[in-house]
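Below is a short briefing for a reader new to this structure. It begins with one residue and then turns to the chain.

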Amino acid sequence: MDLLGAPSQTLQEHTSNPGRVTSSPGGVGRNIAENLARLQQPCWLLAPVGADTNGTWLRQNCADLGINVSGMVTMPEQTTSTYLSIIDESGDMQVAIADMALIDQFGKAQLAPYLAQLQAASIVMLDANLAPHCWTFLTQNLPSQKLFVDTVSVAKAQRIKPFLPYIHSLKPNLAEAQAMAGTNLGPTPSKTQLAELAQWFRQQGVVHVYLSLGPRGVLYAGPKEQFIMAPKSAIATDQIINSNGAGDAMMAALCAGWMQGLAATENVAWGLACAHIAMLSEATINPQLTPQLLQRVLKEHPCQISHLP
């Protein structure tokens with residue numbers, strides 16, 4: 001579950017702030033699955049929920065959205081994972097607490113019955129919330145599968161470093177990428193530095209790297225090309241309601257675009273457009289997201305591209 005606190009005026013530290021607290025279905029994997037469903041891309045969610053009211057509600061909510069929930073596993077005597085975030089008056093996250101003890105109990109026993117489905121899937125999307133023992137089991141049993149991976153956070157990204165050779169497509173942000181590569185390029189690295197950072201991941205075995213640069217766009221590095229793509233006009237600050245779901249929306253678009261056979265430039269444009277749409281909503285996933293809205297945003301907010309050597 002996602003809990004979001006939003007102040008009604010300038011956020012003040014070390015004191016109580018008047019504002020709104022809302023709850024919504026959450027979890028990186030679940031959020032990406034909902035975005036995929038809203039893009040009318042069939043998907044199947046394999047994830048644990050607790051034996052509690054939140055777990056029951058999440059399962060029904062996912063089913064109502066059109067997500068295949070046959071792989072949602074109820075973990076006895078466990079509570080459903082919860083993510084609490086606080087945003088400021090501009091919609092930017094200031095602090096968050098993730099109660100993810102449940103996911104650490106999720107592993108071979110729950111995954112083994114679904115190996116046939118995982119092996120047959122077009123792609124498998126994983127996130128860094130999964131425990132290392134879970135990553136070991138999956139990479140050992142899915143050696144030929146296209147693994148799309150979201151790094152989640154700086155702390156969680158370190159978990160997947162040993163498994164980079166197995167990853168088909170990776171989407172870190174700049175802080176996560178630097179932490180994994182053991183570099184410190186500062187807040188505004190040059191294009192050359194960014195390209196070298198992306199190539200470090202390629203050297204580790206990652207096939208496609210989508211390095212999220214925030215307002216600077218996305219750096220893509222793959223077997224045939226390398227470029228930075230960004231919207232020609234940045235989204236106005238006063239239009240941003242909540243940036244929390246932008247990364248999940250981008251990852252869903254990258255998965256959907258890949259399954260539809262888009263070229264790298266088109267795929268990144270999809271990712272940027274879906275991130276744009278996500279930031280216009282108070283909810284983590286914009287309930288207005290549809291393939292038609294995606295196409296409209298692509299037309300109304302074109303991107304520019306800078307090819308890198």
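Thr-80 is buried, with a relative accessible area of 7%; buried means under 20% relative accessible area, with a 1.4 Å probe and protein chains only. The model is predicted, so local features need pLDDT of at least 70 and side-chain atom pairs pLDDT 80 or more, while totals for chains, interfaces and linings use all residues. Residues are numbered from 1 along each chain as its sequence is written, and side-chain values use heavy atoms, without hydrogens and water.

**Surroundings of Thr-80**
- The loop that holds Thr-80 runs between strand S4 (68–75) and strand S5 (82–87); strands are DSSP runs of E with at least two residues, numbered from the N terminus.
- A polar contact of 2.7 Å links the side chains of Thr-80 and Asp-52; such a contact is a pair of N or O atoms within 3.5 Å, and within protein one must be able to donate a hydrogen and the other to accept it.
- Beyond its neighbours within four places in sequence, Thr-80 is in contact (heavy atoms within 4.5 Å) with residues including Met-1, Val-49, Gly-50, Asp-52 and Leu-102.

**The whole chain**
- The protein chain has 12 helices and 13 strands; helices are DSSP runs of H or I with at least four residues.
- Its C-alpha trace spans about 50 × 50 × 40 Å along the principal axes.
- Of the 309 residues of the protein chain, 50% count as buried.
- Among contacts with a separation of 6 or more, 61% join residues 24 or more positions apart.
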